[in-house]
Amino acid sequence: MGKGVTETRSPQRKHAPDMQDWKKDMPTSLRGIANRAKSDKTARFQNLYGLLNENNLRWCFYQLKRKSASGVDGVTFKTYEQNLESNLSQLVEKLKRKGYRAKLVRRKHIPKGKGKTRALGIPALEDKLLQLACTKILNAIHEEDFMETSWGYRTGRGGREASRRLANDLHCGKYGWVVEADIQGFFDHLDHDWMMKMLERRVGDRAFLRLIRKWMKAGVLEEDGKVIHPATGTPQGGIISPVLANVYLHYVLDLWFRHWSRKECRGDVYIMRYADDFVCAFQYKADAERFVRELPERLKKFSLRVAPEKTRMLAFSRFREEPNEGFEFLGFEFRWVRRRSGKMGVQRRTSPKKLVKSVAAFKEWIMENRHNRMEEIMDAVNRKLRGYWNYYGVRGNSKSLSKLFYRVNQLLFKWLNRRSQKRSYTWAGYNRMCQRYGICTPRIMEKPVQPDLYA
């Protein structure tokens with residue numbers, strides 16, 4: 001599809017027998033948009049609304065998650081697919097006559113610990129489909145504009161790779177102070193007017209922009225049946241929300257930090273942003289203190305504010321005596337430690353808070369599922385462990401992996417023995433059972449890039 005365009009799997013033949021006739025249409029369009037965006041940084045794109053045709057929407061439909069939750073209308077992927085051609089034709093017709101209306105967004109509150117919840121928005125299926133098509137267009141335009149310091153919600157820029165890059169850059173830089181920050185309720189306070197002004201810098205198609213505004217203004221159906229019409233924000237969980245967030249913070253934070261640091265700072269500076277979380281590093285304390293003072297004023301201009309409990313400045317230098325102060329980012333804790341070689345290096349390990357949450361989540365799951373067949377239980381356990389090793393299996397984090405594996409085995413042994421009144425396993429029997437099903441043991445999944453950092 002070309003650089004800057006989201007890569008996706010091709011639709012399966014059994015769902016789209018004629019895909020060879022249309023699958024090249026959308027990628028070609030996006031490649032042309034991306035090439036122009038790269039060559040002309042001031043270009044404003046017209047006629048984007050016309051790309052929302054049946055061929056392109058069909059191409060996007062087979063990239064939706066088949067098992068995702070349904071919206072307020074209850075329409076699932078399988079139901080919509082049964083009359084796909086008719087549904088797409090009617091949808092495109094509504095778009096042409098400007099009769100499309102965004103449906104209510106169903107809100108679901110997900111527990112996040114300490115009695116707090118995270119509000120997720122679940123759009124209706126047709127809204128998801130159109131949002132995915134618009135997201136691909138916006139990504140093709142803005143991917144060439146986004147800075148190297150922006151990592152969240154971008155193709156090929158996952159959290160584990162971001163953590164590796166951050167550790168490497170802090171290790172090799174001249175930084176002595178770090179500011180970790182988080183924007184309070186970012187997705188709930190994103191200003192709609194500012195958002196549209198930012199999009200208008202690269203998009204000149206009024207119909208396309210009106211479509212995006214409809215999703216931002218769409219009502220939210222709460223779990224208690226109450227409907228809320230938000231004046232700010234974009235639903236966290238909507239397909240288009242991540243790219244809108246990146247565009248917003250590109251102008252609010254990324255470009256401003258580059259301009260501000262060149263003008264105000266004496267020493268080296270550094271920033272990495274992952275969605276609405278970011279970490280800044282400074283060579284001198286005075287520069288870090290100035291940033292902490294001026295950041296709230298910058299965010300306030302765009303109706304945002306920092307979260308006080310998640311924002312702090314700390315000394316972070318290889319020259320400080322151990323134990324060194326650390327900070328958390330992307331689920332990892334970063335800290336200067338002395339390696340086996342005697343040299344100081346930046347260590348990544350699983351954040352203690354994340355480790356506790358992972359153990360608690362596994363305990364809750366095994367309590368609720370211990371009645372299932374052993375094949376099902378162990379298959380699910382291995383999937384969970386593989387996912388954990390894939391993200392947290394980084395060099396220098398073996399102790400944290402072993403801690404989690406030890407606690408998982410303890411919980412498994414405890415709750416499998418409570419499947420009935422009779423004790424099911426001794427430790428010897430439990431170990432034989434794990435060997436039979438091949439429990440996924442801790443492993444480092446990250447390939448070595450710069451071995452000297454971890455020597």
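Guide: Phe332, Tyr388, Trp389, Tyr391, Tyr392 and Phe405 are linked into a cluster by ring pairs. Rings of Phe, Tyr and Trp (its six-membered ring) pair if their centres lie within 6.5 Å; planes under 30 degrees apart count as stacked, over 60 as edge-to-face and the rest as tilted. This is a predicted model: local features need pLDDT of at least 70, side-chain atom pairs count only at pLDDT 80 or more, and totals for chains, interfaces and linings use all residues. Residues are numbered from 1 along each chain as its sequence is written, and side-chain values use heavy atoms, with hydrogens and water left out.

Visitor: How many aromatic pairs does that rule count?
Guide: The count comes to 30 aromatic pairs. Tyrosine 175 and tyrosine 270 form a tilted one, 5.9 Å centre to centre with 45° between the planes.

Visitor: Is tyrosine 270 buried or exposed?
Guide: Tyrosine 270 is buried, at 13% relative accessible area. Buried means under 20%, exposed over 50%, partly exposed in between (1.4 Å probe, protein chains only). Tyrosine 175 also counts as buried, at 15%.

Visitor: What about tyrosine 391 and tyrosine 392?
Guide: Their pair is edge-to-face: 4.9 Å centre to centre, 85° between the planes. Tyrosine 391 is partly exposed at 25%, while tyrosine 392 is buried at 10%.

Visitor: New topic. Which ring does the charged end of arginine 266 sit over?
Guide: The ring of tyrosine 284, 4.4 Å from its centre. The rule: NZ of Lys or CZ of Arg within 6 Å of the ring centre and within 35 degrees of the ring normal. Lysine 197 lies over the face of tryptophan 194, at 4.9 Å from the ring centre.
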